[in-house]
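Good morning, colleagues. Please look at the structure on the screen while I take you through a few of its features.

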Amino acid sequence: MKPRADIQQGTLALMVLKTLDVLGPLHGYGIARRIEQISGDQLALNQGTLYPLLLRLEQEGAIASEWGPSENNRRARFYRLTRAGRKQLQAELQGWQQTADIVARFLAIKAETRP
Amino acid sequence: MKRLKRLLIRLRNLGSRQSVDQRRFLEEMAEHLSLQTEENLRSGMTPAEARRQAVLKFGPVEAIREQYHAEKSLPLLESVVQDVRYSIRILGKSRGFTSIAAISLALAIGANTTIFSAMKRLLLDRLDVPHAEQLRLLHWHGDRNTAVTNMWGMSDNTPEGIGAASFSYPAFEQLRRDNHVLEDLFAFKDVGRMNATIGGDAQILQGELVSGNYFDQLQVQPQIGRPILAADDQIGAPAVALISAELWQRAFGSSSAVVGRTIKVNMVPVTVIGVTPPRFTGAKSLQSAPDLFLPLSSQPLVEPRGRNGSLLGASSPQVWWLNIMGRTRAGISDATAQAALDVSLSAVVGSSLRPDANTTIPRLDLLDGSRGLFLSKQLFAKPLELLMAVVALVLLLACSNIASLLFARSMARQREVGVRLALGAGRARVLRGVLTESMMLSALGGVLGVALAFAGCRTLPALLANPWERSQFKMPLDWTVLAFTASVTVLSGLLFGIVPAWIATRSDGGACLKGSTQNIARRRKGFGGKMIVSFQVMLSTLLVAGALLFVGTRFNLAHVNPGFRTNHLVIFAIQQPESRYPPPKDLQLHHQIEERLRVLPGVENVTLSEVGYISDSMENTPFLPEGQIQDPEKDQSAWNNAVSPSFFHTMGIPIMAGRDFNENDTASAPKVGILSESLARKAFPGQNPIGKHFLAHFHPSEGAPGDLIEVVGICGDTRYWSLKQNPVGMFYQPYLQVQNLDFGATYEVRTSMSPGSIAPSLRAAVQAIDPDLPLQDIRTQQEQIDASMQQERIIAALTASFGVLALLLACVGVYGVMAYSVAQRTSEIGIRIALGALPKEVLAMVLREATWIGMGGIIFGLGATLLTTRMVKSLLYGLQPNDPAVLAASATLLALIGLAATWVPARRAAAVQPMEALRHE
């Protein structure tokens, strides 16, 4: 079995925001499942750790939450992106894109520079 | 912004209980798990396996929950809150300990705050004007033969010579003209009481004469109207006055129509031109404020003094009366300024006083003027330093008392601490917990202490004031004082908390849990507590000895025989305005009043004297017995008083030889005098003084040859201006034979009525002669004497109550440590008794232990007393700082208290049942 990748600090928040951006309001379990699906089950994620993160994002004002009915008609807490959260997502995406570009350029360097 | 917002939310969450704010998490988790389980079921797992996998996937629940909680709130702060909650619970459990600690601490902190507040107001605070620190006060000092001889105002007399902050008007003018080292010099004079009539209401006001640049240089603007200007300070300018905010409110109801109103000051109409700002107290002092500010130029009108009524211009260079101040000038040091002003002073003394070969020229000193004349320093510095030291000792005592109690508790709690350490609590965390407890205790004491200080700051000024005077002295509890209290509180908490906390957490967890009571360890452990109690006994001995010294002083003063009968004597003063009664009309006025009062119903006898007794007033004049020659090197002066013929009879002063004054000793009769016994002995040793003559009131430099007076009688010695001052050599003259009574007279009325019931008829009788003459300060002679002993009374009362508190605290301390010691040794005592020790012997053993603790403390306490009380010698009367009776009494008191405190634990030890004690083990 292939070892599964650990998540880098901070990237989980980005994933949560992006998920909410794309799918609209979701409960915690939905977010967790979605992240697992997108990553192709390659992430070693303790689903529970999502909840402290959601709390922090809410305290920071990036997301908001309210109680609502879940698929099996029980009470679940639904999270949605706020306007501030959308801005934060844009900024972080840009930053992430930049980092990814730089890393990509380094990885693209070929052997021709060698003598 | 984001962080701040989050911090606020977390702070808000701080108070909420963990169980409550976890509900949302638990609910979300349950839902999460059920969704995951359903999905697992759908993928074909058995129900049990589906559930297991869901939980596994969720992760470590407890860790996540803690993380969740940490996100939600602030863990560090929260643990502090936890500590606080915990310590409140612990303190609440042991109410006895908490209340003893909090009350003793509150008393100590309250006393410290009150005394500090008084000290700040009387000794530290500066005048309420902009940049008070720039103000400099001019002062001079000279030797015994200084050219300045005639002063109006306070002077400092030392064996080497004399000094004062008073200058003549010509000196002020010349110093101001020559001055280029300070900003413009300004002058002022507190003239004391003035008789004023405002809208038909005659009252007594405090007045200050000020130079035309006074308000300009002090940088003070009136709240309404205009200040006194240079144009007002010109001879011939219309008479104007600024009134204080307090008078404005009291007499005019703060009406702005006051500007332009006319009031009568010493019978002269004066126009009000403005009102000073609320907290302005004049340049003289911060503790008392004048009601009226008048330009210097109005002195001859409203306060005539000197040969022709005027102290202004070149006409009166002899009288030195004006206080002079100036602000520092940038870049000029005080030394430079003093040297330059000294040159000017020498010049003006040389030209205006014409010193001869025998007289010397005074030297100028430049003093700090930021607190005005700072008379409160002479009056209060010593007593306040003493009280501050006493309350600091009381605080130290309270702290060591709590320390010793906490110490015993921390011993008892070693088991609890051991458990916490063993369970993995960090030592710092446990230390913090124990310290939080002492901090809570000191905070409780601090809050109660401030409440006490609030009462103290209202009571103390009332104690300092005379019942018959309006006092403006207030001691507000301001932020500086509260900051002082807060730091004292925190420091005390650390002081009494840190050592017991350290000891409590030093315990090695394992040893504690084993529950062993090893004898060797116990002995070492008990040592610290006993040291603290010894220290407490030492402090208590010192405080009790000090209290006994001051109570003794008070007792001695109360039993001083002043030399006259003080009971049933009502006294008051009448100050006639010089403008209406120039000499010798003043003598006739007082003669008329005396005769009118004599026939009033209820008046057994009446007399008057130029100077009232035991009221810090005195008169001293050149005195030369016949047969001696003038010698400026010697002190040829005597204390004197001018009295009416009924004086000795009314006051109950015995005539020892010769005759009393009588109705025939009139202004035109030969001048006669009565000497006090001690002056008679000193002036005419080994001779019969009756019939001899002496020369008095001579001032060669002013061209006054003096009066030749015949001695007709000898009277008993009396105290003069103070009970503390032994009788001085005095001579008396009939007041009709002196030049004037320009400071008014004090009337002494012997009556069995109270001042309140006889005052109306006295007032009516005086106003029948002149309706504008108010009676000042109607009181009994005994009230006057009590007022003169006010400081001693306050010190005695305060130190005595602190002494009692010290005894109580020592008692609690000794009891606490001995009870603890007995409890610790229960099994040891049980074994001793089982082996045949008698209860009597056990009792003796415990008492012996207590004796060692107490003796050490008492001996060191007596040593500390001997070392420290020397510093308060000047505040004592009739006993020495090392008074053996006081030392013995305080040692005995402490020993008795110590024994009493040990008795209960010792009895408990003697009653130990060996079987129970051993079973306990």
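I begin with helix H27 of chain B, which bends by about 35° at B:Trp903. A proline, B:Pro905, follows that residue within four residues. Please bear in mind that this is a predicted model. H27(B) runs from residue 884 to residue 910 and so comprises 27 residues. From its first C-alpha to its last it reaches 37 Å, close to the 39 Å expected at 1.5 Å a residue.

I turn next to a pair of helices in chain B. Two packed helices are described by the angle between their axes and the distance between the axes. For helix H19, residues 585–598, and helix H22, residues 755–769, the axes come within 10 Å and cross at roughly 140°. Angles over 145 degrees would count as roughly antiparallel; H19(B) and H22(B) are therefore oblique to each other. The crossing of H19(B) past H22(B) is right-handed. On the H19(B) side, the contact is made by B:Gln592, B:Ile593, B:Arg596 and B:Leu597. H22(B) contributes B:Leu762, B:Ala765, B:Val766 and B:Ile769. By class, this contact has six nonpolar residues, one polar and one charged.

Finally, I come to the interface between the chains. Here 19 residues of chain A are in contact with 21 residues of chain B. On the chain A side, helix H2 (28–38), helix H3 (50–60) and strand S3 (75–81) each supply at least two residues. Which element gives the largest share of that side? It is H3(A), with six residues. The chain A side divides into five nonpolar, nine polar and five charged residues.

Definitions and conventions
Residues numbered from 1 in each chain as written. Chains lettered and ligands numbered in written order. Predicted model: local features only at pLDDT ≥ 70, side-chain atom pairs only at ≥ 80, totals over all residues. Axes fitted to C-alpha atoms, helices over the stretch in contact; angles between N-to-C directions. Parallel < 35°, antiparallel > 145°, perpendicular 65-115°, else oblique. Left-handed = near helix turned anticlockwise from the far one by under 90°. Contact = placed C-beta atoms within 7 Å. Nonpolar A, V, L, I, M, F, W, Y, C, P; charged D, E, K, R; others polar. Expected span 1.5 Å × (residues − 1). Bend = angle between axes of the 7 residues up to and from the residue.
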